[in-house]
Amino acid sequence: HEDLSVRSLAENVGLNQSYLSKLFAKETGTTIKHFVTRARIDTAENLLKYTEHSSSEISFALGFSSQSAFISVFRKENGMTPRQYRDKYGQLAVFGDK
């Protein structure tokens, strides 16, 4: 639930928001916002694969504004919903224990 906005990150490192954004994009080839979103989705993927936490619990734990916002971002990043992802890659599905 930590604030990972450009503003808070810039304050943390003592840089101007605009300068930090440009520097980050130059070094990584992506925006800070997309980098943070991708990290949250990567975490969600692991939680969907290896735990039985619901999409609602995962979306709340990762700081999404709502479950529908989480599902929308997840679908945009992965081309499938969190449920479809769990059904396809979840360990319980892999081992047939569902």
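**Helix packing and charge pairing**

Analyst: The axes of α3 and α5 cross at roughly 95° and come within 10 Å. This is a predicted model, in which local features need pLDDT of at least 70 and side-chain atom pairs count only at pLDDT 80 or more, while totals for chains, interfaces and linings use all residues. Residues are numbered from 1 along each chain as its sequence is written, and side-chain values use heavy atoms, with hydrogens and water left out.

User: How is α3 oriented relative to α5?

Analyst: Axes are lines fitted to C-alpha atoms, for helices over the stretch in contact, and angles run from 0 to 180 degrees between N-to-C directions. Helices are DSSP runs (H or I, at least four residues) numbered from the N terminus. Angles under 35 degrees count as roughly parallel, over 145 as roughly antiparallel, 65 to 115 as roughly perpendicular and the rest as oblique. The axes of α3 and α5 cross at roughly 95°, which makes α3 to α5 roughly perpendicular.

User: How many nonpolar residues does the contact of α3 with α5 have?

Analyst: Contact means heavy atoms within 4.5 Å; on the α3 side the residues include Ile 41 and Leu 48, and on the α5 side they include Phe 70 and Phe 74. Ala, Val, Leu, Ile, Met, Phe, Trp, Tyr, Cys and Pro count as nonpolar, Asp, Glu, Lys and Arg as charged, and the others, Gly among them, as polar. Besides 3 polar and 3 charged residues, the contact of α3 with α5 has nonpolar residues numbering 6.

User: How is α3 oriented relative to α6?

Analyst: Helix α3 (residues 32-50) packs against helix α6 (residues 82-89) with axes 8 Å apart, at an angle of about 55°. That angle makes the orientation of α3 to α6 oblique.

User: Which residues in α6 meet α3?

Analyst: From α3, the residues in this contact are Glu 45, Leu 47, Leu 48 and Lys 49. By class, the contact of α3 with α6 has 5 nonpolar, no polar and 3 charged residues. The α6 residues are Pro 82, Tyr 85, Arg 86 and Tyr 89.

User: Which residue does Arg 7 meet in a salt bridge?

Analyst: A salt bridge is a side-chain nitrogen of Lys or Arg within 4 Å of a carboxyl oxygen of Asp or Glu, and a search of the whole structure finds 4. At 3.5 Å, N to O, the side chain of Arg 7 meets that of Glu 11.

Conventions. Helix = DSSP H or I, 4+ residues; strand = E, 2+ residues; numbered from the N terminus.
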